[in-house]
Amino acid sequence: LQCICSLETNCQLDKGSLEYVRDIHELTRLIWLRYAGFRNLLDIYFYNTEDGRNYKRVCKSAKNFTYDIILQRKKALQKNNSQFDINIPQHKDFLNILLTATDESGNSLTDEEICDEVNTFVFEGHDTTAVGITWVLYYLAKYPEYQEMCRDEIIENTSGDVKLEDFPNLMFLTMFIKESLRIRPPVHSIGRETIGPETIQGYPLPNGTVTQISIIQL
């Protein structure tokens, strides 16, 4: 939340202090619950269960929290528009980038699109980052010769404190991290729903078909 929208919280130390954080953890549990049984994948069944009703309630709560932050930030940007500069570090959080982004026609993102992006970033960013780092550390421990090469590269190309601008020079470390992510991707698959009839390799997909891309099998 600090990186995304500069929101000061104590959620790292006190996970129950913020309702939004509790909502995200509950959504994680409920989504895995849906995958755990075939019946839960059926909307007509799941949304008539206690967990299904709770899922709708928590989704609404999380979205309302995000919409409130977006509204407050938009008001602040409108008020201080003459002083706002996205290139100033204190202005360059994820939410400000989304609010000031435009396409080639000059159209901005809608509040709903910004809300979806922020919630996706939070929802997918906290556990996937932890899982990715865990596997990188595992492979560094498993292959001490590569660990030594990563260490030597860092010592040679940095002053000791690794900064963002140092990363282009850390080629071997970058390749090691990417290989770890390839072998053990934190997100195993990506789901997409068609918004119109499609044909993939001769197979017709009607509108509303949910498809899965298995990253771990690529």
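This is a predicted model: local features need pLDDT of at least 70, side-chain atom pairs count only at pLDDT 80 or more; totals for chains, interfaces and linings use all residues.

Reader: Okay, how many helices and strands does the chain have?

Author: The chain has eight helices and four strands, and from the N terminus on the elements run α-α-α-α-α-α-α-α-β-β-β-β.

Reader: And what share of the residues is buried?

Author: Of the 218 residues in the chain, 27% are buried. The accessible surface of the chain comes to about 15600 Å², and carbon and sulfur atoms account for 56% of that surface.

Reader: Let's look at α4, then; what span should its 30 residues have, and how far apart are its end C-alpha atoms?

Author: Helix α4 covers residues 50-79, and at 1.5 Å a residue it should span 44 Å; the end C-alpha atoms are 44 Å apart, so the two values agree.

Reader: Switching to the surface, which residues form the nonpolar patch?

Author: The patch is formed by Trp-32, Tyr-35, Phe-38, Leu-41, Leu-42, Ile-44 and Tyr-45, which together have about 860 Å² of accessible area. Helices α2 (19-36) and α3 (43-46) each supply at least two of the patch residues.

Reader: Is Tyr-35 buried or exposed?

Author: Tyr-35, which is found in helix α2, has a relative accessible area of 53%, and because that is over 50% it counts as exposed.

Reader: Now the aromatics: how many aromatic pairs are there?

Author: The count comes to 11 aromatic pairs. In one of them, Tyr-138 and Tyr-139 have ring centres 5.1 Å apart and planes at 70 degrees, so this pair is edge-to-face.

Reader: And how are the rings of Tyr-139 and Tyr-143 arranged?

Author: The ring centres of Tyr-139 and Tyr-143 are 6.4 Å apart with the planes at 15 degrees, so that pair is stacked. Tyr-139 is buried at a relative accessible area of 9%, whereas Tyr-138 is partly exposed at 39% and Tyr-143 is partly exposed at 31%.

Reader: Which residues do ring pairs link into a cluster?

Author: Besides Tyr-138, Tyr-139 and Tyr-143, the cluster linked by ring pairs takes in Trp-135, Tyr-146, Phe-172 and Phe-176.

Notes:
Residues are numbered from 1 along each chain as its sequence is written. Side-chain values use heavy atoms; hydrogens and water are left out. The expected span of a helix is 1.5 Å times one less than its number of residues. Buried means under 20% relative accessible area, exposed over 50%, partly exposed in between (1.4 Å probe, protein chains only). Accessible areas come from the Shrake-Rupley method with a 1.4 Å probe; for residues, only the protein chains shown count as cover. Patches are made of residues with over 30% relative accessible area and no salt bridge: like charges are joined within 9 Å, nonpolar side chains (Val, Leu, Ile, Met, Phe, Trp, Tyr) within 5 Å. A salt bridge is a side-chain nitrogen of Lys or Arg within 4 Å of a carboxyl oxygen of Asp or Glu. Rings of Phe, Tyr and Trp (its six-membered ring) pair if their centres lie within 6.5 Å; planes under 30 degrees apart count as stacked, over 60 as edge-to-face and the rest as tilted.
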